[in-house]
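Please look at the sequence and the structure shown below.

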Amino acid sequence: MAQIHPTALVDPKAELAADVSVGPYAVIGPGVRIGEGTSIGAHCVIDGQTTIGRHNRIFQFCSLGAAPQDKKYAGEPTQLVIGDGNTIREFCTFNTGTVQDAGVTRIGDDNWIMAYVHVAHDCVLGSHIILANAVQLAGHVHLGDWVFLGGLSGVHQFVRVGAHAMTGFQTRLSQDLPPFVTAAGNPAEAQGINQEGLRRRGYTPERIAVVKQMHRTLYRKGLTLAQAKDELAALEATAADAQADVRLMLEFLANAERGIVR
């Protein structure tokens, strides 16, 4: 049976796995489902059509599944879906989606989300992401796997951040940040590649060299984006073990409707 503190309020219609723990004064609404091994800290409020997977650690004072901060929202039954193995620290706010998008705000697996992070409606986060303290994501933002956003970074609505990309402290992103690229500043400017992160994930020197070549093509040769994409397409045929990395970049750039950080 779930370990529910006597001061917590858990709606009888909520579905909690047998070993879920719920801390003091937490409030869990009727549309909530929580998977095995997940812990809910004191004073958390979990509402709406919210599904939380297994083995998540949700610290005190979080608000998950509240209505989106969108004036068009009219009470439609939209969702928040959180995967497995995430750490969500104090005072985080994650909202449900809207019918103007897919209707789901989605968080992947094994993410490390620090205090005061806001994930707005219809955001889609991959897995193995780190969001440092007070990162703010506007609506419809997409983050790829292994993204790292530095503390107090803000991301404009509809912006996409590619896999393995990274921002520095207090970065403002209003355009898409391609995979592997690091950026900093207000507004953001591209700085280089996330080389140390790639090493830690087992990238070989040969693969890292190809990532560096892609960065030179995008940022150091004075090419237009169309010219850079043509050069990257030619690189894919010769990239050997890094072909998947080049393909990842090409697929990202093909959908860069807001332009990319320069």
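Leaving aside its neighbours within four places in sequence, I107 is in contact (heavy atoms within 4.5 Å) with L80, V81, I82, G83, N86, F94, I113, V119, L125 and G126. This is a predicted model, in which local features need pLDDT of at least 70 and side-chain atom pairs count only at pLDDT 80 or more, while totals for chains, interfaces and linings use all residues. Residues are numbered from 1 along each chain as its sequence is written, and side-chain values use heavy atoms, with hydrogens and water left out.

The table sets out two residues, where buried means under 20% relative accessible area, exposed over 50% and partly exposed in between (1.4 Å probe, protein chains only), and where strands (E, at least two residues) and helices (H or I, at least four) are DSSP runs numbered from the N terminus.

| Residue | Place | Relative accessibility |

A polar atom of the N194 side chain lies 3.1 Å from the backbone oxygen of H164.

Eight strands form an open sheet in the order 3-6-9-12-15-18-21-24, with parallel pairing (two strands pair if DSSP finds at least two bridges between them). Strand 3 (15–16) and strand 24 (160–161) stand at the edges with a single partner strand each, so one side of each is left without a neighbour in the sheet. Strand 18 (residues 124–125) runs parallel to strand 21 (residues 142–143) and is joined to it by two bridges, and L125 has L143 of strand 21 as its bridge partner.

Conventions: A polar contact is a pair of N or O atoms within 3.5 Å; within protein, one must be able to donate a hydrogen and the other to accept it, and residues adjacent in sequence count only if both atoms are side-chain atoms.
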